[in-house]
Amino acid sequence: MIDEQTLQGELTTAKKKSAKPMLWVSMISMVMFFAGLTSAYVISMKRDDWVSFDLPDAFFTSTILIVASSITLFLSQRFLKQNKRQLSLILVVITLILGIGFVWLQYVGFNQLKSVGLFFTGPESTVSTSFIIGITFMHVIHLLAGLIVLLVVIYNHFKYKYKSDDMLGFELGAIFWHFVDILWIYLFFFFYFIK
């Protein structure tokens, strides 16, 4: 008969083995979702009422912030592996701040579109602005989930739950964060080059 401690250990091992594959499956579904949205964007470009316009300046700045946030999180993970906990924690907090800055700049970008008469809905909206704002907003929702993940990572970091040889939760959070970053870079270049 298996004792309770052995059973608990086996369950923990099984959870650890399934965590990354489950994350990858969810990210693949997100890729398919955004592929569908961008495909609909391309098809809709053939409409007579399609309007081309330049992306708001805030989207350029937000792209720089999101790239910087991936760099700080990558460095944080590296320092944690070297047992430089304090430096790692500081960099995760900087990543969170950069992520919040990204969300703020997306909001500023939406307002920049409004200021030039480009709206998401209503009689003054266009198909192209509805697509760009809608797709960007869906990305922001995913990024907000990433910010929650970063808050959990920071909390667990404070609780000393990550060690250089046991950082699965940190790794999962980092994979998701880098994924939403890469997703934004794809969307940014998609909108920039396909008008």
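Predicted model: local features only at pLDDT ≥ 70, side-chain atom pairs only at ≥ 80, totals over all residues.
1. Start with a term. Helices are DSSP runs of H or I that hold at least four residues, and they are numbered from the N terminus.

2. Look at the surface. Phe-60, Phe-189, Tyr-192 and Phe-193 form a nonpolar patch there. Together they have about 410 Å² of accessible area. Which helix gives the largest share of this patch? It is H5, with three residues. Tyr-192 is a residue of helix H5.

3. Now the largest pocket. Its space comes to about 290 Å³. The lining has 15 residues. Nearest the centre lie Tyr-162, Leu-168, Gly-169, Leu-172 and Gly-173.

4. Ask where that lining comes from. Helix H1 (4-44), helix H4 (127-158) and helix H5 (168-193) each supply at least two residues. H5 gives the largest share, five residues. By class, the pocket lining has nine nonpolar, three polar and three charged residues.

5. There is a cavity as well. How many cavities of 30 Å³ or more does the structure hold? The count is one. The largest cavity has a volume of about 50 Å³. Its lining includes Tyr-41, Trp-50, Phe-53, Ser-128 and Phe-191. Ile-194 and Lys-195 are also among the lining residues. By class, seven residues of this lining are nonpolar, two are polar and one is charged.

6. Next, charges. Side chains of opposite charge can pair when their charged atoms come close. A search of the whole structure finds two salt bridges. One joins the side chains of Glu-171 and Lys-20, at 3.1 Å from N to O.

7. Finally, the record. UniProt, in an unreviewed entry, places the feature "transmembrane region" at residues 21-43, 55-75, 87-107, 127-154 and 175-194. Two of these spans can be checked against the model. Residues 55-75 are 90% helix and 0% strand, and their end C-alpha atoms lie 30 Å apart. Residues 87-107 are 100% helix and 0% strand, with end C-alpha atoms 31 Å apart.

Definitions and conventions:
Residues numbered from 1 in each chain as written. Heavy atoms only, no water. 1 Å grid on protein atoms, 1.4 Å probe; cavity = no way out; pocket = protein on both sides within 12 Å on 5 of 7 lines; lining within 4 Å. Points joined across faces, edges and corners; volume = space filled by probe spheres on them. Nonpolar A, V, L, I, M, F, W, Y, C, P; charged D, E, K, R; others polar. UniProt positions renumbered as here; feature names shortened; annotations may be inferred. Patch = residues over 30% accessible without salt bridge, like charges linked within 9 Å, V, L, I, M, F, W, Y side chains within 5 Å. Areas by Shrake-Rupley, 256 points an atom, 1.4 Å probe, with all protein chains shown as cover. Salt bridge = Lys/Arg side-chain N within 4 Å of Asp/Glu carboxyl O.
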